[in-house]
Amino acid sequence: MCGIFGYIGDKNASQVLVQGLLRLEYRGYDSSGIVVRNGSLQTFKEIGKISDLTSILPKMEGSIGISHTRWATHGGVTKENAHPHTSEDGKVAIVHNGILQNSNKLRKRLTRKGIKLSSETDSEVFCHFISIELQKGKTPMEALASVLRIVRGTWGLCVLFKDYDMILCARNGSPLIIGRSSDEMFISSDPHAIREHTSEMFALDDGQIARLDREGFEIMLPEGTPVESNPLELDEEWGVSDLGDYPHFMLKEIHEQSQSLKHCITGRLRHSSGSANLGGLEITPQALSTIPHVRLIGCGTALHAAQIGQLLIEKWARIPAVSHVASEFNMNDPVINSKAMHFAISQSGETADTLSAVKEIQRKGADVHGVINVVGSTIARQCGKGVYIHSGPEQSVASTKAFTNMVGALSLFALKLGRGRSLNLSEGKRITKGLKELPKKIETYLADQGPIAEAVDAIIGAKNVLFLGRGVSSPVASEGALKLMEIAYIPCLAYPAGEMKHGPIALIEEGSPVVVIAPNDGVQDRTLNAIHECKARGARIILIHEEGDSIAEIGDINISVPKTHPMLSPLITVIPTQLIAYHTALKLGNDVDRPRNLAKSVTVE
Ligand code: G6P
């Protein structure tokens with residue numbers, strides 16, 4: 001989603017900014033722009049790819065500037081609506097992430113003052129009001145502080161001034177990270193974009209503002225009280241990620257799953273006790289043994305991981321567990337039990353819906369544990385404790401390796417919780433063994449992927465694709481459908497296999513592709529019924545099954561994966577669905593890593 005990158009130093013700012021924008025590209029955007037201070041504020045914007053912006057960018061001399069990638073919320077995808085926005089007198093330029101709730105009122109106020117707004121955005125109001133305050137004789141800091149008092153909503157905001165050699169920033173609900181190297185300063189919504197320049201980073205907290213200049217930076221509250229900066233520790237794994245020999249990040253990340261799962265579980269598995277160690281949970285064994293229930297919250301792929309986590313917890317720990325769509329959570333005034341455990345699951349750690357659910361739970365008196373990939377992200381810091389999933393940077397909008405590691409981390413938790421309750425040692429050991437063997441099995445499968453190309457041929461041109469699974473394979477079906485829909489733009493429907501006959505069966509006609517996930521997990525025979533019901537109506541079954549299994553030949557296209565512990569099968573059965581989505585999108589000529597309309601990090605509710 002929207003991204004911010006700013007620079008002060010001795011290099012050519014426009015070049016550093018474009019490089020920063022390219023690092024933000026993976027988050028998803030539809031337009032971009034930069035502004036550089038060089039006597040005046042020179043602004044350039046373009047819709048479409050960053051490469052479209054670079055092709056029109058003239059040589060610019062300034063060494064201070066801010067830039068933005070926009071994902072449209074208020075106002076269509078136009079050059080006018082792209083950021084930066086500049087005040088009428090050309091003295092103030094802003095870039096903004098987030099949404100202003102009272103922008104209509106503020107726009108009307110500006111119009112009444114005779115100011116001509118040049119975009120349809122909520123963000124534009126910032127530059128005009130700051131300019132008005134400067135004209136009253138206020139300092140840039142005072143002007144910004146006054147404007148922050150009249151806006152309502154969320155912001156990660158950067159301001160550049162024609163008459164001052166500084167960048168001012170403010171954060172409320174939308175992340176901003178400051179980077180400092182010996183003689184340069186950076187500001188970005190994403191540490192990933194700064195990492196190639198410096199590892200010395202500081203996160204702004206909500207309600208804070210910061211001033212960056214050539215001497216360094218200071219963080220303060222709007223009334224001027226200085227606050228201590230909050231250093232951000234990034235793991236080594238958050239190095240600069242590049243494509244290597246892969247044509248797309250998605251394919252690279254699919255292939256990284258063996259290694260990244262190893263990172264997630266290594267050092268945490270305790271084979272001799274058939275359990276797991278998760279220090280970041282910060283919870284005593286006694287408290288763990290009295291938890292009444294567990295709630296797991298996420299969006300998109302993270303929600304599917306939560307659904308699997310729910311099943312693992314109930315199965316192994318025998319306590320109720322429920323997964324929730326984050327965007328719905330607060331809508332229903334949920335009853336929160338402070339003794340229960342709550343998990344917020346998120347790759348980016350920035351998803352606004354998930355963050356807002358976290359705040360609601362905390363407001364009602366309970367703790368929330370993060371299951372997060374991006375170290376130091378907003379949700380990770382808001383939770384303060386939890387489990388990092390250690391997938392390393394995930395650049396493709398369609399999530400793959402983060403899903404497997406979310407499931408990996410949740411299985412470690414379910415195992416630990418189970419062993420503190422009714423799960424016996426020998427079953428605990430079977431699970432730890434199963435988890436330990438999985439990275440190798442993923443590697444084995446990826447070396448021989450089976451008839452993915454045939455599955456793609458069956459899917460291309462289909463009106464819709466149905467995904468079916470039961471038990472832990474039901475969320476895998478949902479994840480497979482999400483992936484194919486996200487990047488191939490084919491309508492996909494995922495259903496628990498048994499529910500198929502209660503509606504989706506109406507969609508099936510001669511040749512309809514149906515992807516069935518059916519590992520040998522004790523519920524497979526019931527899935528078989530659904531397969532026969534689909535086949536009887538002419539469906540082409542793409543069956544994902546375990547090798548050597550009796551149902552191996554039942555599909556029209558049979559994709560076999562190595563056998564694993566029945567409850568851990570999602571960690572491997574999901575991979576063929578990722579490959580099917582990838583190759584289908586590729587064959588359709590779609591932009592696999594940056595699918596239309598989607599964003600990697602959705603920072604608006
Ligand atoms: C967006 C992305 C999805 C992702 C979801 C949750 O919708 O397009 O791929 O699964 O956000 O993201 P998170 O970073 O919270 O895991």
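Colleague: In which loop does Arg318 lie?

Modeller: This is a predicted model. Phi of Arg318 is near 55°, a positive value in a residue that is not glycine. Most residues other than glycine have a negative phi. As for its place in the chain, Arg318 lies in the loop between helix 10 and strand 18 (321-325).

Colleague: Which helix gives the most to the shell around the ligand?

Modeller: The ligand is surrounded by 13 residues. By class, six of the shell residues are nonpolar, six are polar and one is charged. With three residues, the helix that gives the most is helix 10 (residues 300-317).

Colleague: Between which domains does the ligand lie, and why?

Modeller: The space that the ligand takes is the largest pocket. Two domains give residues to the shell around the ligand, so the ligand lies between domain 2 (249-447) and domain 3 (450-605).

Colleague: How much of the ligand's accessible area does the protein cover?

Modeller: Start with the side chains, where an N or O atom of Ser346 is 2.6 Å from an oxygen atom of the ligand. For Thr351 the corresponding distance is 2.4 Å, and for Glu486 it is 3.3 Å. Of the 390 Å² of accessible area that the ligand has on its own, the protein covers 89%.

Colleague: What is omega of the peptide bond that joins His83 and Pro84?

Modeller: Pro84 is in the loop between strand 4 (64-70) and strand 5 (85-86). Most peptide bonds are trans. The bond joining His83 and Pro84 is cis, with omega about 5°.

Methods
Residues numbered from 1 in each chain as written. Predicted model: local features only at pLDDT ≥ 70, side-chain atom pairs only at ≥ 80, totals over all residues. Heavy atoms only, no water. Near = heavy atom within 4 Å. Polar contact = N/O pair within 3.5 Å; in protein donor to acceptor, adjacent residues only side chain to side chain. Areas by Shrake-Rupley, 256 points an atom, 1.4 Å probe, with all protein chains shown as cover. 1 Å grid on protein atoms, 1.4 Å probe; cavity = no way out; pocket = protein on both sides within 12 Å on 5 of 7 lines; lining within 4 Å. Sits in = over half its atoms within 2 Å of the grid points. Helix = DSSP H or I, 4+ residues; strand = E, 2+ residues; numbered from the N terminus. Nonpolar A, V, L, I, M, F, W, Y, C, P; charged D, E, K, R; others polar. Domains from an automatic or database assignment.
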